[in-house]
Amino acid sequence: MKIVVIGAGALGSLFGGLLASSGEEVVLVGRKKHVDAINARGLRISGLTDAIINIKASTQPEEADLILFTVKSYDTETTASKLIIKEDTTILSLQNGLGNEEKIAEVVGSEHVIGGITSHGALFIEPGHVKHTGIGDTVIGELDGSITQRVKDISRILNNAGIKTEVTDSIKHKIWEKLVVNVGINALTAIVGVNNGKLLEIPELNLLMQDAGLEAIRVARGAKIELEDDLIGYIEDVARKTAANRSSMLQDVSKGKRTEIDAINGMIVEMGTKLGIDTPVNRIFTLLIKSIEKRGVVDQ
């Protein structure tokens, strides 16, 4: 099976490298400096995985049996329109936020798209070098809830690469659960400039994290997605397990880059408005992050 990773930054490079190490044919598609470094010296993975992997990298999409789609949420539609799709190509979205799978499906057709979430953490160190910062579960599934042979096959391939993966019949529910976690952690760590663990150590930050998460749960229920109240405990558990991690949004604002705020906290605000559900904490988080984006690079 030929696997092409579209949006090979930190997480995409990590997954692609692990898959290549297990013997799969993999192509990383990313930015030119990263691609040039990989083609010249191999992909270096440090941290929880320590390896230098010879793997093909390119700046242009290629035809594939399986596409791992790991681009930023704001680039979803533009990037999807450039994909080279065969009749039997499967696209697995492993992105942050809500609505990515639907956006890809609008471009290429829903029959090509499956959803996924992962708790693995990765940090982009420099072109050609990513750091594996966290190990967690990966869950994938068909958007209609069916258990198909293709998701079983993809799960097997990922597991063979050391990426612990399960198949679910409720991937949309799982995506919502991850969204609630990101809603509680990402923007707040980026605003205050702290690693995830500080959200548990500082009582005021812990309360804000909980309030943002509770708003997201109320919006989910308004949208007929039943989430449990104990998800707040789950957010805290994730923050505890990833205490030393810098969230992806903190990494983005530290570099003066655009964040995925619109697909995370901003999505809660947008859906809350449509449903008549107040989301004041998420609204403030969204406005603050947008202000930080316009300010540019910040010292962290």
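The second largest pocket lies between domain 1 (2-168) and domain 2 (173-295), because both give residues to its lining; the domain bounds come from an automatic or database domain assignment. The model is predicted: local features need pLDDT of at least 70 and side-chain atom pairs count only at pLDDT 80 or more, whereas totals for chains, interfaces and linings use all residues. Residues are numbered from 1 along each chain as its sequence is written, and side-chain values use heavy atoms, with hydrogens and water left out.

A pocket is an open set of points on a 1 Å grid over the protein atoms alone, with protein on both sides within 12 Å along at least five of seven lines; a cavity is a set where a 1.4 Å probe fits but cannot get out, and lining residues have an atom within 4 Å of a point. Grid points are joined across faces, edges and corners, and a volume is the space filled by probe spheres set on the points.

Among the residues lining the second largest pocket are Leu98, Glu101, Lys172, Trp176, Ile225 and Met271. At least two lining residues come from each of helix 4 (100-108), helix 6 (171-192) and helix 11 (265-275). Helices (H or I, at least four residues) and strands (E, at least two) are DSSP runs numbered from the N terminus.

The structure holds 1 cavity of 30 Å³ or more. Its lining includes Gln95, Asn100, Gly116, Ile175 and Asn182. Helix 4, strand 8 (113-118) and helix 6 each give two or more residues to this lining, with the largest share, 4 residues, coming from helix 6. Domain 1 and domain 2 each supply at least three residues.

| Space | Volume | Lining by class |
|---|---|---|
| Second largest pocket | about 190 Å³ | 6 nonpolar, 1 polar, 4 charged residues |
| Largest cavity | about 50 Å³ | 3 nonpolar, 6 polar, 2 charged residues |

In these classes, Ala, Val, Leu, Ile, Met, Phe, Trp, Tyr, Cys and Pro count as nonpolar, Asp, Glu, Lys and Arg as charged, and the others, Gly among them, as polar.

Strand 8 and strand 11 (residues 138-142) run antiparallel and are joined by 5 bridges; Ile114 has Glu142 of strand 11 as its bridge partner.

Conventions
Two strands pair if DSSP finds at least two bridges between them.
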